[in-house]
Amino acid sequence: MRFEGIVVVRKAAESAVADMHAGPMQIAAFQTILSHLLQDARNGGRVGSVNSVKTISRKRSLGGMRANGTTARLLSLINEGVFSQSRSLAEIRQALSERGWQYQPEDLGTPLTRLVQRGYLRRTQESNGGKKLWRYSTA
């Protein structure tokens with residue numbers, strides 16, 4: 001592939017993630033999209049075609065993590081910047097509820113822990129009136 005073709009593919013991948021919140025998810029998405037576009041170009045596909053970028057954007061695996069259901073919804077909150085400030089479980093449930101998704105607290109623990117383990121979120125423990133609670137953020 002010629003240098004000009006690589007630049008076109010890179011710009012297409014950048015365009016595909018331009019509306020995402022800067023952070024690990026954007027980087028993982030960019031890497032996945034770029035990889036797929038480069039592979040398509042090697043296999044004779046149209047370099048940087050809008051349809052190929054849209055298809056890859058829908059299918060991206062977010063750095064090897066398959067996102068569906070609760071995890072995908074939490075990732076969308078990360079993408080929107082909800083976690084730019086530290087959030088409690090109650091605040092996360094409220095943010096999901098505002099978007100039409102109702103969850104019980106026990107249904108969020110495992111997906112949040114996995115996002116912490118994969119580096120999408122950080123968590124800190126705070127005491128609130130003798131009660132310990134976890135707070136989640138991207139910072």
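Predicted model: local features only at pLDDT ≥ 70, side-chain atom pairs only at ≥ 80, totals over all residues.
Visitor: In what pattern do the helices and strands follow one another along the protein chain?

Guide: The protein chain contains 6 helices and 3 strands. Read along the sequence, these elements give the pattern α-α-α-α-β-α-α-β-β.

Visitor: How many residues apart in sequence are the parts tied together by E80 and R99?

Guide: E80 and R99 form a salt bridge whose closest N and O atoms are 2.7 Å apart. E80 belongs to helix α4 (residues 69-80), while R99 sits in the loop between α5 (89-98) and α6 (109-117), so the parts tied together are separated in sequence by 19 residues.

Visitor: Is R135 buried or exposed?

Guide: R135 meets E91 in a salt bridge of 3.2 Å, N to O. This pair links strand β3 (residues 131-137), which holds R135, to helix α5, which holds E91, across 44 residues. E91 is partly exposed at 33% relative accessibility. Because buried means under 20% relative accessible area and R135 has 17%, R135 is buried.

Visitor: Which residue forms a salt bridge with R135 at 3.7 Å between the closest N and O atoms?

Guide: A search of the whole structure finds 5 salt bridges. In one of them, with closest N and O atoms 3.7 Å apart, the partner of R135 is E126.

Visitor: Over the face of which residue does R123 lie?

Guide: The structure holds 0 aromatic pairs. A ring does, however, have a charged side chain over its face: R123 is placed 3.8 Å from the ring centre of W134.

Terms used: Residues numbered from 1 in each chain as written. Heavy atoms only, no water. Phe/Tyr/Trp six-rings, centres within 6.5 Å; stacked < 30°, edge-to-face > 60°. Lys NZ or Arg CZ within 6 Å of the ring centre and 35° of its normal. Helix = DSSP H or I, 4+ residues; strand = E, 2+ residues; numbered from the N terminus. Salt bridge = Lys/Arg side-chain N within 4 Å of Asp/Glu carboxyl O. Buried < 20%, exposed > 50% of the residue type's maximum accessible area, 1.4 Å probe, protein only.
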